[in-house]
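Student: Take a close look at the aromatic ring pairs for me. Then go on to the pockets.

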Amino acid sequence: MKVLGVIPARYASTRFEGKALADLFGKPMIQHVYERAIKAETLDEVTVATDDLRIFDAVKAFGGAVVMTAEHSTGTNRVAEVAERSDAEILVNVQGDEPIIEPAMIDEAVKPLLEDSGVDLATLAYRMGSEAEYRNPNVVKVVADRAGFAMYFSRSPIPHVKLDEWSADIPLYRHVGLYVFRRRALMDFAQTPQTPLEMLESLEQLRFLENGYRMKIVETRYKSIGVDTPEDLENVKRMMVRQ
């Protein structure tokens with residue numbers, strides 16, 4: 001099965017306009033993401049998908065593969081448009097604002113779809129280490145069943161832990177927004193209206209669960225940092241210097 005990695009990238013951003021092209025040690029941030037993604041062993045191809053000519057030209061300039069798409073409200077829909085033009089059976093949504101993503105994370109997420117035809121899509125999660133993280137509404141939590149399939153995602157603290165019973169030993173998981181889709185699930189998603197829980201939580205992955213798709217949750221030991229603000233970019237720079 002052909003596995004295609006797609007890096008959605010847009011120029012507009014409320015908190016950090018043009019972040020895909022932000023300079024990171026002499027390279028645009030999108031180049032760092034691309035160069036890490038192509039190291040993943042499970043990806044046959046990698047391409048950037050954008051609706052902005054400035055990003056398109058920047059990717060071409062460093063020799064990367066890139067396609068122009070229409071404007072989309074979500075990265076998932078942008079990946080779905082790329083899927084329409086591709087014969088790939090498995091598509092990976094690699095976040096374009098995570099310049100220090102570990103290639104092994106991509107391989108971890110792809111593996112379940114290669115091994116089990118009953119898996120519709122997969123994503124990653126890691127164990128939270130602090131109560132502040134667990135109770136932070138900006139941190140998306142996930143609960144899986146005993147077979148490792150997602151039961152629910154929420155911005156609320158799930159599963160519930162009483163204030164006086166918190167312990168770092170409790171297995172509580174934070175979602176990592178890297179997705180691997182089987183083609184049919186992705187194409188169905190793009191044509192399906194938003195669902196009630198998706199709109200309530202502002203989490204598009206709930207659309208898959210509400211429509212009965214089986215989403216495998218893969219625990220990873222790696223942590224990747226998304227760049228949403230100029231301050232995040234400076235934090236990433238410091239992390240890269242220490243590596």
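Tutor: Rings of Phe, Tyr and Trp (its six-membered ring) pair if their centres lie within 6.5 Å; planes under 30 degrees apart are stacked, over 60 edge-to-face, the rest tilted. By this rule there are 6 aromatic pairs. Take Phe-208 and Tyr-213: their ring centres are 5.9 Å apart and their planes stand at 75 degrees, so this pair is edge-to-face.

The model is predicted, so local features need pLDDT of at least 70 and side-chain atom pairs 80 or more, while totals for chains, interfaces and linings use all residues. Numbering starts from 1 along each chain as its sequence is written, and side-chain values use heavy atoms, without hydrogens or water.

Both partners are buried (under 20% relative accessible area, 1.4 Å probe, protein chains only; exposed is over 50%, partly exposed in between). Phe-208 has a relative accessible area of 3%. Tyr-213 has 19%. The pair also belongs to a cluster: ring pairs link Phe-208 and Tyr-213 with Tyr-179, Phe-181 and Phe-189.

Arg-207 lies over the face of Phe-189, 4.0 Å from the ring centre. (The test: NZ of Lys or CZ of Arg within 6 Å of the centre and within 35 degrees of the ring normal.) Arg-214 does likewise with Phe-149: its charged end sits over that ring, 3.9 Å from the centre.

Now the pockets. A pocket is an open set of points on a 1 Å grid over the protein atoms alone, where a 1.4 Å probe fits, with protein on both sides within 12 Å along at least five of seven lines; lining residues have an atom within 4 Å of a point. The largest pocket has a volume of about 1,800 Å³, counted as the space filled by probe spheres on the points. Its lining takes in 49 residues; Lys-19, Gln-95, Asp-97, Glu-98 and Asp-228 lie nearest the centre. By class, 14 are nonpolar, 21 polar and 14 charged. Among the elements giving at least two residues are β1 (3-9), α1 (29-37), α8 (205-210) and α9 (230-242). β10 gives the largest share, 5 residues.

The second largest pocket holds about 210 Å³. Its lining includes Val-142, Val-143, Ala-144, Pro-159, Tyr-173, Ile-217 and Val-218. Two or more residues come from each of β8 (141-144) and β11 (215-219). This lining divides into 9 nonpolar, 1 polar and 2 charged residues.

Terms used. Helix = DSSP H or I, 4+ residues; strand = E, 2+ residues; numbered from the N terminus. Nonpolar A, V, L, I, M, F, W, Y, C, P; charged D, E, K, R; others polar.
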